[in-house]
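Hello,

I am passing a structure on to you, with some notes on what I found in it. Please have a look at it first and then read on.

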Amino acid sequence: MFRASSKLFKFIGGNENIIKKLTNKYNAGINMKKYFWLMRKLLVAALLLLPLSTWAVTGAEQLPVRSFAIGSPTPDKLDDFLRFIDEDLSKTAVNQLFLRINYNYQFKSHPELADKNALSEQQVKSLVNTAAKYNIEIIPIINLLGHQSWKQDNIRSLLTVYPEFEEPPGKKLLDKDFYTRAYCPNHPEVHDVVFALVDELVEAFGAKGVHVGMDEVFILGEEGCSRCKGKDKAELFASEVNRIQAHLAKNKIAMYIWGDRLLDGNITGIGKWAASKNDTYRAIDLISKEVIICDWQYKFAPPTPGYFAVKGFNVISASYQVPSVAKFQLNNMIGMRANSRDTIKNRLQGIMHTYWGSFESFYQCYQGKACENEVKAGAVKTFISIYPKEKS
Ligand SMILES: [Zn+2]
């Protein structure tokens, strides 16, 4: 349309002789010159307005939700992040920013859990206000249940300060591919602490939703836990999801989680990471339909967004490092919406691109400087392919 309008404009603007000929030929009371003058003014106005409302088109702009998930900046990188929003993100189709905060915030309710060099309330406000200028909503991410450590030793704040909250991993800790520690969902005091953190993040960000992770939970219902031992893992997982959801629902706060624990790793063939092989997948029928599922599928893209939507969930399809997979997810979301009745269509909310690294490494790579590694380079390339900056 842009090209056609442009041609028409050139035709009208550059051919005064033709206008004269036309006005002579059709000398029937219509002032053709005035008509063309008006047309010309209207076209100029339309062409001036177009760049304000048109992103470089990839299809993403058709979807209600266009998200980007990335690590939150450390205070020394805050200015870079604000510049990234102002100069880059604002010129893409992104309208929702998921920021991995975890303990990168100066919690007042539990200062003992804050990272040493964490964002202040004022710094969070500057992020929120800058994003709001471009109608970009920020949703904080804090990992609940799983991801309370990285491997065996790099233990996050919660279990460092409150080791009694840990779901005992037992011999699993000796596995060379041990992934992350988890808290016990049945510990009587753990929720007082984690809900205080969640509530504080919601307040600091003025957020309408919070993402609580809950992906890749491998330590659950362990033999060494007297509270959880022998219990159904799907029920344990669902019970924790529902407990958090009920808490957030009191203040009408939306709850987002990653979807992997709700998928059957055997049937889908996508393994124990992107889906569940530890008996949690039946939880899909036990959790509140109010939970919004972020369905991350990075190397393959099976029809899981459709599965979640038919099961009753709002779903966002998430990509990472393979541009062709992300492109398929984007087109798949558009195609499914176009071929669904309203109930399902409205649940298929959109897409999310994820970057699993620091903002600093993303920004450096995004600016054409060195990328951290091949996977991260792929992730940045994928981001650019689905969220290119507007052509202006
Ligand atoms: Zn337990």
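Helix H13 (residues 359-366) packs against helix H14 (residues 374-386) at an angle of about 65 degrees, their axes lying 10 Å apart. H13 is therefore roughly perpendicular to H14, a label given to angles of 65 to 115 degrees. Axes here are lines fitted to C-alpha atoms, for helices over the stretch in contact, and angles run from 0 to 180 degrees between N-to-C directions.

Before going further, please note that this is a predicted model, in which local features need pLDDT of at least 70 and side-chain atom pairs count only at pLDDT 80 or more, while totals for chains, interfaces and linings use all residues. Residues are numbered from 1 along each chain as its sequence is written.

Which residues of H13 and H14 meet? On the H13 side they are Ser-361, Phe-362, Cys-365 and Tyr-366, and on the H14 side Lys-376, Ala-377 and Val-380; contact requires C-beta atoms, placed from the backbone, within 7 Å.

As for the whole chain, it has 14 helices and ten strands. These are DSSP runs numbered from the N terminus, with at least four residues for helices (H or I) and at least two for strands (E). Of its 392 residues, 39% count as buried, meaning that 20 or more other C-beta atoms, placed from the backbone, lie within 10 Å of the residue's own.

Now to the barrel: eight strands close it in the order E1-E2-E3-E6-E7-E8-E9-E10, with parallel pairing. Strands pair if DSSP finds at least two bridges between them. On average, neighbouring strands of this sheet are turned by 25 degrees against each other, direction ignored. Helix H11 (residues 323-338) packs on the sheet, where it touches E9 and E10, and its direction makes about 170 degrees with that of E10.

Strand E8 (residues 292-296) deserves a look of its own. Five of its five residues are buried, so E8 is largely enclosed by the rest of the structure. In a regular strand the side chains alternate between the two faces of the sheet. In E8 both faces are covered, with Ile-292, Cys-294 and Trp-296 buried on one side and Ile-293 and Asp-295 on the other.

What about the neighbours of E8? Strand E7 (residues 254-258) pairs with E8 in the parallel sense over three bridges, and Trp-258 has Cys-294 as its bridge partner. Four bridges join E8 to E9, also running parallel, and Asp-295 stands opposite Ser-317 in E9.

Best wishes

How values were computed: Two residues are in contact if their C-beta atoms, placed from the backbone, lie within 7 Å. Angles under 35 degrees count as roughly parallel, over 145 as roughly antiparallel, 65 to 115 as roughly perpendicular and the rest as oblique. A residue is buried if 20 or more other C-beta atoms lie within 10 Å of its own, exposed if 12 or fewer, and partly exposed in between; C-beta atoms are placed from the backbone.
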